[in-house]
Amino acid sequence: MGEPHRIGIVGAGWISGAYLETLRDHPAVTIAAVADLDPARAAAVADGLPGCRALPFADLLADDSIATILNLTVPAAHAEIAAAAIKSGKQVYGEKPLTSDMTTARTLLDEAADRGVTIGCAPDTVLGTGVQTARAAVDAGAIGRPLSAVAVMATPGHERWHHQPDFYYLPGGGPLLDMGPYYLTALIHLLGPIVAVTGAASRQRTTRVVGSGPRAGERIPVEVDTHVTGVLHHAGGALSTITTSFDAVRTTAAPIEVHGETGTIEVPDPNHFTGDVRLFELGATDWRTLEPSAGYAGSSRGIGLLDMLTSEAPRASGALALHVLDAMTSLLRSAAEGRRIDLTTTVERPTALPLIPSARWRG
């Protein structure tokens, strides 16, 4: 193994802790600097990392020894931070979504291609043993020819637990752009790219109440649809239905089910790396839990960045994130216009993973 790859983190919020669990001691990377709008928060993260500095964003960009930016800012800042990093000749791996609109996202990918730098984007949860074991079973013919899938994400809204939930209910937020990337990315791994969508959406409350923290009881505006559902037409002929909602108290629905001619696969929550994969075969009397057979075992957030740095064809790629964004924005446009919309992008189905033990990928 050569010299560790030097990365700079932009955004020191709560999600950064999950990434640090994976990256802080990994021999392939060195976290060289951290930047945040709150200098004290950046300093608190940097103080726990040997040799790491808390820097203003401009100084972090100016450091030529830093090759990659890990962009953990809020969604509204994703495009600005990524564009600045690309302009500085650095590659970028960011939190989802890639951006909030297709025009900006296309521009980012074009500029990255022109400068010869790579863009990667979450979610990387789909690279864990949960989704990858389900994919391996589907690919092996466990359910015969895949015909359809159902994906459901239903919660009462993040304002119940998040102390600063405003951005979830402003343009660029909502249940689809917030949680949809997990489900759509998993469906693309399982069934391949999407060619068209038909959507419907609603927004039945104009305000929400912050449920915890110092702002508890404060009303915040709702400017986006909070229940989005639709049909995804996959290139291989399968149809998926997806529901993402901030308007549901509870559901008994599986996060994802894939139905084939000879069986059904139950896929665990794609917002997590692990979980039981269950198979019900035609003629059986009960579900059967499958042993993990694929994916990065014991992985957590940041595995997509490591995959990007070590793979010839990164699985959490900018191209995949662009296709997911195309599907999401097209679903919202379909809901607004009341018609089926053909997507303008496609993507190669990411390369399948074998089962990679934790000790192996952790180096």
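Mentor: This is a predicted model, in which local features need pLDDT of at least 70, side-chain atom pairs count only at pLDDT 80 or more, and totals for chains, interfaces and linings use all residues. Residues are numbered from 1 along each chain as its sequence is written, and side-chain values use heavy atoms, with hydrogens and water left out.

Trainee: How are α5 and α9 oriented to each other?

Mentor: Helix α5 (residues 102-115) and helix α9 (residues 318-337) have axes 10 Å apart and pack at an angle of about 170°. Here axes are lines fitted to C-alpha atoms, for helices over the stretch in contact, and angles run from 0 to 180 degrees between N-to-C directions. Helices (H or I, at least four residues) and strands (E, at least two) are DSSP runs, numbered from the N terminus. Since angles over 145 degrees count as roughly antiparallel, under 35 as roughly parallel, 65 to 115 as roughly perpendicular and the rest as oblique, α5 and α9 are therefore roughly antiparallel.

Trainee: Which strands are the edge strands of the open sheet?

Mentor: The six strands of this open sheet follow the order β3-β2-β1-β4-β5-β6, with parallel pairing, where two strands pair if DSSP finds at least two bridges between them. Each edge strand pairs on one side only, and these are β3 (53-54) and β6 (119-121).

Trainee: Which residue of β6 is the bridge partner of Tyr93?

Mentor: Strand β5 (residues 91-94) pairs with β6 in the parallel sense over three bridges. Within β6, the bridge partner of Tyr93 is Gly120.
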